[in-house]
Amino acid sequence: GHVSAGRLLIGDFVNSNLTSTIEIGPGKVSLKDLRADVLGGHHAGNWDADFSVSPPKFVGSGTVTKLAMPQVAALMRDPWATGTVDGQYTLGMSGLDATALRDSAAGSASFRWTGGSLRHLVLEGKSAPLSFSTFGGQVVLRNGSFACEGCKLQSAGESFDVSGNASFSRT
């Protein structure tokens, strides 16, 4: 079948103009060609839910374009970022509550972030938060930690290789 919604709220996360083909089978639901306007940009992808196992498993992949980082930051209740992001992602998780889903989440994303700033970071010798023209690479999520792999940042004519890890607890 087909499903569409002018507006769909998932907690504080607003989706609009959502459309998808839906396939329902014994204990399973698949959303194919899932499209929605999200966070000032657009999402296109596929999501599968398997309720025949315990805990239920969820797997998704897709592409995002022109996501507004101030809107992402607002969901986190911390105005830490500006700019827009384009990218591709894969994500898997299991459970029925937010904690279980977060703790089981694993995936990766390639991204290109343009015209942005990271308000909590200041380069040595500079007084303003870090601003950049582009920041991109691969981010991997596993064991409650994000790892930046092969990431590069262009700021004020300088190029920086970026690597490191950040946990959900912000360490």
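Start by colouring the charges: the chain has 14 positive and 14 negative ones, and their mean positions are 2 Å apart. Lys and Arg count as positive here and Asp and Glu as negative, while His and the chain ends are not counted. Each charge is placed at NZ of Lys, CZ of Arg, CG of Asp or CD of Glu.

Before you click on, a word on ground rules. This is a predicted model, where local features need pLDDT of at least 70, side-chain atom pairs count only at pLDDT 80 or more, and totals for chains, interfaces and linings use all residues. Residues are numbered from 1 along each chain as its sequence is written, and side-chain values use heavy atoms, with hydrogens and water left out.

Now switch to cartoon view. You'll find 2 helices and 10 strands, taken as DSSP runs numbered from the N terminus (helices are H or I with at least four residues, strands are E with at least two). Following the sequence, the order reads β-β-β-β-β-α-β-α-β-β-β-β. The C-alpha trace spans about 60 × 30 × 25 Å along its principal axes.

Of the 171 residues, 35% count as buried, where buried means under 20% relative accessible area, exposed over 50%, and partly exposed in between (1.4 Å probe, protein chains only).

Which residues form a salt bridge? Select Asp 50 and Lys 28: their closest N and O atoms are 4.0 Å apart. Asp 50 sits in strand S4 (residues 41-50) and Lys 28 in strand S3 (residues 28-38), so this pair ties together parts that are 22 residues apart in sequence. Asp 50 is buried at 19% relative accessible area, whereas Lys 28, at 43%, is partly exposed. The structure holds 7 salt bridges, each a side-chain nitrogen of Lys or Arg within 4 Å of a carboxyl oxygen of Asp or Glu.

Two other pairs to click:

- Arg 35 and Asp 33 meet in a salt bridge at 2.8 Å, N to O. Arg 35 is partly exposed at 35%, and Asp 33 is partly exposed at 41%.
- Glu 149 and Arg 142 form a salt bridge, with closest N and O atoms 3.5 Å apart. Glu 149 is partly exposed at 36%, and so is Arg 142 at 41%.

Next, show the cysteines. There is 1 disulfide, counted as a pair of cysteine sulfur atoms within 2.5 Å. It joins Cys 148 to Cys 151, S to S 2.2 Å, and its angle of -125° about the S-S bond makes the link left-handed. Is Cys 151 buried or exposed? Cys 151 is buried at 2%, and Cys 148 is buried too, at 16%.

Last stop: Thr 134, in strand S8 (residues 130-142). At 18% relative accessibility, Thr 134 counts as buried. What does Thr 134 touch, not counting residues up to four places away in sequence? The list is Arg 112, Trp 113, Thr 114, Lys 152, Leu 153 and Gln 154, with contact meaning heavy atoms within 4.5 Å. Select Ser 155 as well: its C-alpha atom is 7.4 Å from that of Thr 134, though 21 residues separate the two along the chain.
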